[in-house]
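This report is meant for a reader who is meeting the structure for the first time. Please keep the sequence and the model in view while reading.

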Amino acid sequence: MSTPGPEQEADLAQALRNFVPGSEPLATELRTSQRVLARVTDGIYRQPGSALRELISNAYDADATRVTISMDRPRFDRITISDDGMGMSPEVLKHLLHNIGGSAKRTDTGKALNMTSEQDTNLSPKGRPLIGKIGIGLFSVAQLTQSFQISTKVAGDRFQSVARVLLRQFSDATAEVDEDGQYKAGRVLLWTEPAEDVENQGTTITLTSVRPQTREALRSEDLWHRVTAAAEGRSKQAPMFHVGVVESARPDVQTLVNNEYERLPWQPSSGSNGAFEQFVTAPLRALEAGRRNAQLENIFDDYLRMAWNLALSAPLPYVAGHPFDAGADSGIDFFLVNGRSGDEAVTLSVPPEKTLREVLPFDAPDDPAGFEVHLDELSLKRPITLAAPPPTSAALQRPMLFVGHYRTDYPMRAIELSGGPLEFSAYLFWTPRLLPPEHSGVLIRVNEASGTLFDPKFLGFPSAEERRMSQVLCEVFVREGFDGALNIDRESFNQTHPHVVTITRWVHGALRQLIATHKRLGKSARHQRRRHAADDATAQVQARVDQVWENLELDGEPPPVHFGAASVSVLPGDRGFTWPEGLLGDLSGPNREARKAQREEIVAALTQILEAYGVWDSIEPLQQAEMLKALYDVIAVHLK
């Protein structure tokens with residue numbers, strides 16, 4: 001790998017320090033350290049939010065306490081990202097521009113440039129574990145624009161450095177190579193401006209030429225097109241909350257949606273923290289408003305989903321406290337797991353006025369502190385809570401929290417084969433109904449940050465327990481190791497890396513312990529419910545349904561059954577069924593409500609038993625209703 005010599009870097013850095021305001025800007029080429037990284041100008045990230053996530057991580061590594069992102073919504077013509085981190089000196093800026101993919105973090109060069117701690121190059125100057133490592137985070141904005149401006153200042157300097165970057169679209173056929181074999185990824189103009197406040201510090205990145213496809217994504221144009229486009233006589237339902245719709249050809253013109261220009265999930269007068277707290281309750285409010293599917297993609301537009309995912313990924317405190325700080329009064333049962341298949345989870349007793357953290361046999365991670373991210377009027381927090389779920393028909397209503405810790409130095413492997421020591425702690429949260437459903441799965445945090453969302457497959461967990469797994473949320477907090485397992489975009493892992501293999505085995509073992517505990521407690525709850533309801537006809541019917549599910553060793557609970565829809569509706573997201581009221585037959589005449597309740601009880605029980613035996617899987621919804629009607633008619637002969 002070829003890099004610019006120190007003299008070449010020092011010359012440009014010194015010229016920038018000696019720059020006379022008003023002079024012609026200095027010019028240089030943007031260079032990459034490896035050919036493959038020239039593709040950063042094509043954008044290596046999947047979504048606009050991924051680029052913002054990387055800039056937030058850069059600010060964190062620079063010891064910032066606050067990041068402010070302004071998105072110019074709903075038009076998204078201009079995006080600004082500012083932080084109060086230590087800023088970049090001319091020497092750091094020069095190194096950055098000439099070494100994309102050759103990060104100085106975690107190296108002696110980073111120590112010399114004051115980018116890392118003098119004692120440990122894996123830490124920031126003030127001691128934060130570094131998130132970035134390969135030096136392309138800043139240029140993740142290539143996903144959003146082909147030109148941007150950096151304004152940066154170090155405390156004590158009487159000037160701020162400005163760099164205007166024009167990125168080239170990479171092509172194997174047109175790629176330019178300099179005399180050192182480096183690939184030219186763009187053109188840069190640099191100058192300085194007098195500082196208004198000598199002690200001020202930080203970096204601001206301004207995007208004014210936002211890519212058309214980026215604007216389209218942030219404006220949710222594809223979503224709104226599907227809302228208005230007819231499909232089999234129906235239109236996709238508009239999201240419950242959105243930031244507004246603009247006309248593609250005339251972005252200065254907003255479009256009314258249900259007589260509103262925008263519908264935010266928070267009140268404008270709530271303040272940044274209050275607004276985010278209301279934002280997090282949106283899935284529950286959607287459920288209470290009658291939306292059967294409370295998935296984020298159904299209730300939010302793309303901008304709001306991006307805000308949610310940014311809040312999930314950044315090293316931020318939890319909106320309602322860290323899961324390890326849950327107390328005895330939280331209404332949660334606690335268990336300790338060791339990640340070994342075949343072992344049983346151990347019940348953890350939390351005394352009154354104490355928290356889970358205080359009784360754990362390991363050092364659990366704390367809420368990250370000293371770092372804020374503000375996206376427009378939202379003060380982001382991790383949108384994960386252990387709040388009591390809405391009522392369900394499940395036998396177990398009380399949530400359960402399973403916690404554990406693991407460390408290995410791989411004593412039988414050389415460090416070249418093991419990737420070094422690995423240490424992590426984790427929790428698995430089971431609740432009868434998980435909101436939003438997208439939080440079902442496992443999310444791995446490295447140094448409190450994550451580039452992935454929840455993996456609903458739980459790292460390939462070999463089980464058909466889909467219903468129960470949809471009720472489980474798992475977070476893994478890596479304290480040491482795993483960096484080498486991350487792919488270049490930090491949104492995926494090298495599945496064969498020893499650290500990934502180890503965490504996968506541990507999570508799978510912990511899941512088996514959770515499942516075994518849930519089955520044991522669920523069986524006990526169903527038996528108790530049957531004993532207490534021996535003389536109640538309704539309870540006897542439900543007890544018989546429970547017994548069928550128990551005998552078949554099915555996971556989860558019988559799905560809820562609803563009535564009153566205009567047509568048949570099968571709701572896999574809710575694991576439920578909605579049948580038209582007409583299926584119950586003629587309800588006119590005296591005692592209508594009593595007869596209606598009886599018929600609903602019978603049809604619901606039939607639905608749940610047929611579901612237990614897998615009958616519905618191969619039958620269309622209309623045929624399901626016809627079969628149910630026929631079965632009920634046979635039973636009804638003896639009810640008259």
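## The surroundings of A345

When the neighbours within four places in sequence are left aside, A345 is in contact with F335, L336, V337, F402, Q513 and T517. The model described here is a predicted one, and A345 is placed in it within the loop between β11 (333–336) and β12. With a relative accessibility of 13%, A345 counts as buried.

## The six-stranded sheet

Six strands form an open sheet with mixed pairing, and their order across the sheet is β12-β11-β15-β16-β18-β17. The edge strands, each of which pairs on one side only, are β12 (346–348) and β17 (441–446). If direction is ignored, neighbouring strands of this sheet are turned against each other by 25° on average.

Within β18, V478 is the bridge partner of V446. In general, the strands of a sheet pair through backbone hydrogen bonds, and this pairing is either parallel or antiparallel.

## H405 in strand β15

Strand β15 (residues 400–408) contains H405, which counts as partly exposed at a relative accessibility of 29%. Apart from neighbours within four places in sequence, the residues in contact with H405 are F362, E423, F424, S425 and W506. The C-alpha atoms of H405 and G339 are 8.6 Å apart, although the two residues are separated by 66 residues in sequence.

## Two crossing helices

Two packed helices are described by the angle between their axes and the distance between the axes. For helix α7 (residues 271–280) and helix α10 (residues 302–313), the axes come within 12 Å and cross at roughly 105°. Because an angle from 65 to 115 degrees counts as roughly perpendicular, α7 and α10 are therefore described as roughly perpendicular to each other.

On the side of α7, the contact is made by F276, F279 and V280, and on the side of α10 by L304, A307, W308 and A311. Sorted by class, the residues in this contact of α7 with α10 are seven nonpolar, no polar and no charged.

## Aromatic pairs and a cluster

The count of aromatic pairs, taken as rings whose centres lie within 6.5 Å, comes to 17. F279 and W308 form an aromatic pair with an edge-to-face arrangement, in which the distance is 5.4 Å centre to centre and the angle between the planes is 75°. Since F279 lies in helix α7 and W308 in helix α10, the pair ties together parts that are 29 residues apart in sequence.

Are the two members of this pair buried or exposed? F279 is buried, with a relative accessible area of 0%, and W308 likewise counts as buried at a relative accessibility of 0%. F279 and W308 also belong to one aromatic cluster, which is formed by F241, W266, F276, F279, F300 and W308.

## Backbone details in the loops

Which peptide bond is cis with omega near 5°? It is the bond from R73 to P74, and P74 is found in the loop between β2 (66–70) and β3 (79–83). The peptide bond from L435 to P436 is also cis, with omega near -10°, and P436 lies in the loop between β16 (422–430) and β17.

D63 is not a glycine, yet D63 has a positive phi of about 65°. The place of D63 is in the loop between α2 (48–61) and β2, and D63 is buried, with a relative accessible area of 7%. L459 is likewise not a glycine, and L459 has a positive phi of about 60°. L459 lies in the loop between β17 and α13 (466–469), where L459 counts as buried at a relative accessibility of 14%.

Notes
Residues are numbered from 1 along each chain as its sequence is written. This is a predicted model: local features need pLDDT of at least 70, side-chain atom pairs count only at pLDDT 80 or more; totals for chains, interfaces and linings use all residues. Side-chain values use heavy atoms; hydrogens and water are left out. Axes are lines fitted to C-alpha atoms, for helices over the stretch in contact, and angles run from 0 to 180 degrees between N-to-C directions. Helices (H or I, at least four residues) and strands (E, at least two) are DSSP runs, numbered from the N terminus. Angles under 35 degrees count as roughly parallel, over 145 as roughly antiparallel, 65 to 115 as roughly perpendicular and the rest as oblique. Contact means heavy atoms within 4.5 Å. Ala, Val, Leu, Ile, Met, Phe, Trp, Tyr, Cys and Pro count as nonpolar, Asp, Glu, Lys and Arg as charged, and the others, Gly among them, as polar. Two strands pair if DSSP finds at least two bridges between them. Rings of Phe, Tyr and Trp (its six-membered ring) pair if their centres lie within 6.5 Å; planes under 30 degrees apart count as stacked, over 60 as edge-to-face and the rest as tilted. Buried means under 20% relative accessible area, exposed over 50%, partly exposed in between (1.4 Å probe, protein chains only).
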